[in-house]
Amino acid sequence: MMGLIAADEDVLEVITRQSRAKKKADDQGDGPRSFLGFTLSGQEYGLDLDLIAQIVKPPQLTWVPRAEPYVLGVVSIRGAVVTLVDLKQLMNQEPTAWPGTARILIVEAGDERVGLLVDSVTQVRRVDNMDLEKRPALGNGPQNDYVLFLARPEPDKVVVVIDLDMVFEKRLL
Amino acid sequence: MIDDKGTKGQKALGEFLSEAQDIIESLGKSLMLIDKSVETKDMDQDLVNDLFRGMHTLKSLSAVFEVAPLSLLAHHEESLLEEVRLGRIEITAELLDLIFSSLDVMTRILGKVGESEEAGAAWKLAEVDALIKEIERVQKNKAPDIEDPGAEIERLHDKLQLFGPEVLEVLTEYEEHRLKANLERGLPFYKIGKTYKLELIDVELNAVKNLLKSTGEIITYLPSVDESEPEKLGIDIILAAQVGMEEIVAALGDIDAQVTKIETDRHVSGDRSTPPDKLLAGDDGSSLAGKERLDSIPAGEERQRAMIPFSDSTQSLSLRSVSQTVRVDIRKLDLLMNVVGELGIMRRAIGQMGDQLGSVVGRGDLAIELHRINRGFDRNLLELRNGILEVRMVSLTQIFDRLSRLVRKVARGLGKEIHFAVSGGDTEVDKLIIEELSDPLMHIVRNAVNHGIESIDARRKSGKPDFGTVAITAYQKGNHVIIEVEDDGAGIDFDKVVQVAVERGFVDDEQAHALSEEEMLKLIFLPGVSTTTETTELSGRGVGMDVVRTNIAAIGGVVDVQSEPGTGTKISITIPVTLAIIPTLLVVVANQTFAVPLNTVAEAVFATQKDVHQILGAETMALRGRTIPLCRLAEFFDAPDLEPPSEEFYVVIASFGQRLLGLEVDSLIGQQEVVTKPLGKTLAKVRFFSGAADIGDERLVLVLDTGAIIEEFYSITESAELASPAVEEI
């Protein structure tokens, strides 16, 4: 688990910079790569650590009338207006329960920052580059376009690393 | 003064205040530069002149507005500076302290005048008196005049003669002082002769002066009139140079001027093979000998008059900027911005008409033409909007200057040596942002000097140079400006921060141990954590980083901190370049607050279901004999868990072009000015909202795009072929 401070919500941003510095060193050659692990409906997914600017607890949400169903609303993150989208709905899954253990991953999408709602954040996964299954053949499922890699950090554990560009291209931009 | 209040008016007073404040700012700036060069003894004399002239302007200005304490103080400062200028009083750090504190008092007097003129006039004179006494003491204690005719002076006197009477007779006391001072330093003198076209003389002479500035000090100008060319004026510039002839020629570049060295090394009684008259003349046969030229204008009064045009153009910056810039009340720009908003609404209405016209058979060409015109309108409107935004932009220089003074003051008070490095002061930001930025930056910089930079002893122990460095850097990155304040001090004491955070109950002991450095840094933004227990005069009002962060967030900015124990701290502020502030009416719809731009609100009324009339299937209400269609916003917004219409509600009468629409809302909260921030591209498809705003509440508030709502509402009703309830014919 990353050290989360149970204090002021606003301060609850766990900046991943430190882990990122480690990652930078790792990325040289075929060493391990770092992903942030999170869950959607029980399945663990991963996103390249570089893509994530911040992780925050769900703040007060403002509903945006007549927006797409996957848009949960807008939130103010450190003074900026961030659109919050439900990653599960984007990936054609059932809507996420709000707020519960949910966390928001703030990612860069084009010129703006977008918040992705996920069920929970697990940990930073470091997976050997060699152990990644690139673009696995998973048949014709509706979500398969979004799969970049399959990683197996532990023998019985499969982490689905998401191709965020693909998600955005298909649905958001 | 109280009696005059009505006649002079608030407007004139406002202008006086801002001009006086500008002058004080620029005085402070000159003073900082002098302070920097005071140790090297290599000061730009122009700075002292700027100071003197600025003080003079301030004196006259405050006398006109009858701010007695200010004009009195400025008067004494001016006479003090006159003596400094003439070299009778030496510039020391103590002298600068005195002038700095005078500026502080002046700023405070202006603040009082701003509150009310009476308060300004009745400013406790004790403080002003104390300063004046101090000024008089300095003036009395000045070094005895160097008038005593020692051998050195005698030798100088001889050397002076080399310039010839035609020069010496016309020098003002000040110019003579500078000439002597430079002679004493043994600097070489050059004469730069050039003829100038009369109509361009101020421009050309300024250009030459600026080019020469890097080479030395300009002592005086000697004009001459060549009768054969009445539209031209010859001017010889006497320059005390820091560099040789070649550098001067190089500095002048393409400018066609003759540079001649004036021999000052030889003894007058010695070799006279080159008589001074000759030396003053150009090499060129066409230029007349200095003596003859000067003969053509009687020395003294006439010459003074001839010099007025260009000596004026060399006046201090503050005067020049007054003539080239216009002071505008920021509220007037806000007003213009609102007009631009209205024009935008009209533009859309015209576009809509074009669409309607396009569907009329046989009118296609007209529709195309209308669209073409509308596009041109749109382009110009955008230009107008950008132009207004640009006018609102102000450089950070003023704030940075104030910070320089702050650093100097705090550092002197603490006995620390600080090198304050400033860069990117020319970065521009919206005026309103600048206002909001001032206090947080002051706090951050004060912190850096106060707590960041260690005492000299501590610095020596850790092998750092005696002087600490505080660097402030600003630069633009896309639509944001980033301001970084970096010091090479001790860095943030993490242990102490965590300790305070635990004491205040933000984290428990267990969590405290697990904190990463990044997380510890976040803790300083919690209320009360960064405020030191001891509140000195210098650490100010005891505001902490939490306030800094809140203030910066209010203008849509972000604060980041990086700190390395032992090596220093860097605080970065990222702020938007512009702010769009609009007055709105806050309303509640389906349990959520929305903001309606006030410029689209005609009025807001209380209503009950009894006021609602069904006309041809449309809900309407009558307001002073007018029929106004109603739009239940909660329904229009497809609110989840839509409640049945309540018995009592409010109607916000919104207007768009010629159309009115009554927006049914649950309740009214009130008027509030909000800073709108754009919605991201992910929401580009969502119409009806022009942006979101922070209203101090945790939650964002969406700002209605009233025009789009009315447009959509009417297109629905029209397509349903309901009676178009246009209120007036266009």
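User: Hello! How many bridges join strand 8 of chain B to strand 9 of chain B, and do these strands run parallel or antiparallel?

Analyst: Welcome! The general idea comes first: strands of a sheet pair through backbone hydrogen bonds, either parallel or antiparallel. Here strand 8 of chain B runs antiparallel to strand 9 (residues 480-487) of chain B, and 8 bridges join them. Two strands count as paired if DSSP finds at least two bridges between them. Strands (E, at least two residues) and helices (H or I, at least four) are DSSP runs, numbered from the N terminus. Before we go on, this is a predicted model: local features need pLDDT of at least 70, side-chain atom pairs count only at pLDDT 80 or more, and totals for chains, interfaces and linings use all residues. Residues are numbered from 1 along each chain as its sequence is written, chains are lettered from A and ligands numbered from 1 in the order in which they are written, and side-chain values use heavy atoms, leaving out hydrogens and water.

User: Which residue in strand 9 of chain B is the bridge partner of B:Gln476?

Analyst: B:Gln476 has B:Val481 as its bridge partner. Strand 8 (residues 468-477) of chain B also has a parallel arrangement with strand 6 (residues 418-423) of chain B, through 6 bridges.

User: Now to chain A. In what order do the 6 strands of its open sheet stand?

Analyst: Read across the sheet, the order is 8-1-2-11-10-9, and the pairing is mixed. At the edges are strand 8 (120-128) and strand 9 (132-134) of chain A, each of which pairs on one side only. On average, neighbouring strands of this sheet are turned by 35° against each other, direction ignored. Such angles are taken between axes, which are lines fitted to C-alpha atoms (for helices over the stretch in contact), and run from 0 to 180 degrees between N-to-C directions. For one pair inside the sheet, look at strand 2 (residues 43-48) and strand 11 (residues 159-162) of chain A, which pair in the parallel sense over 2 bridges. A:Gly46 stands opposite A:Val161 of strand 11.

User: How many helices and strands does chain A have in total?

Analyst: Chain A has 3 helices and 11 strands. Chain B has 26 helices and 22 strands.

User: How do I read the packing of two helices? At what angle do helix 18 and helix 19 of chain B pack?

Analyst: Angles under 35 degrees count as roughly parallel, over 145 as roughly antiparallel, 65 to 115 as roughly perpendicular and the rest as oblique. Helix 18 (residues 397-414) and helix 19 (residues 431-452) of chain B pack at about 25°, with axes 10 Å apart. That angle is why helix 18 of chain B is described as roughly parallel to helix 19 of chain B. The crossing of these two helices is right-handed; a crossing has that hand if the near helix is turned clockwise from the far one by less than a right angle, and is left-handed if anticlockwise. Among the residues of helix 18 that meet helix 19 are B:Leu403, B:Leu406 and B:Val410. Meeting here is contact, with heavy atoms within 4.5 Å.

User: And what is the angle between helix 2 and helix 3 of chain B?

Analyst: Helix 2 (residues 45-64) and helix 3 (residues 68-85) of chain B pack at about 155°, and their axes are 8 Å apart. So helix 2 of chain B is roughly antiparallel to helix 3 of chain B. Their crossing is left-handed. The residues of helix 2 that take part include B:Phe52, B:Met55 and B:Lys59, while those of helix 3 include B:Leu70, B:His75 and B:Leu81.

User: Is B:Glu711 buried or exposed?

Analyst: Buried means under 20% relative accessible area, exposed over 50%, and partly exposed in between (1.4 Å probe, protein chains only). B:Glu711 has 19% relative accessibility, so this residue counts as buried. B:Glu711 lies in helix 26 (residues 706-719) of chain B. Leaving aside residues up to four places away in sequence, B:Glu711 touches B:Arg348, B:Gln352, B:Phe656 and B:Arg687. B:Thr260, in strand 4 (residues 258-262) of chain B, is buried because its relative accessible area is 10%.

User: What share of each chain is buried?

Analyst: In chain A, 54% of the 173 residues are buried; in chain B, 45% of the 730 residues are.
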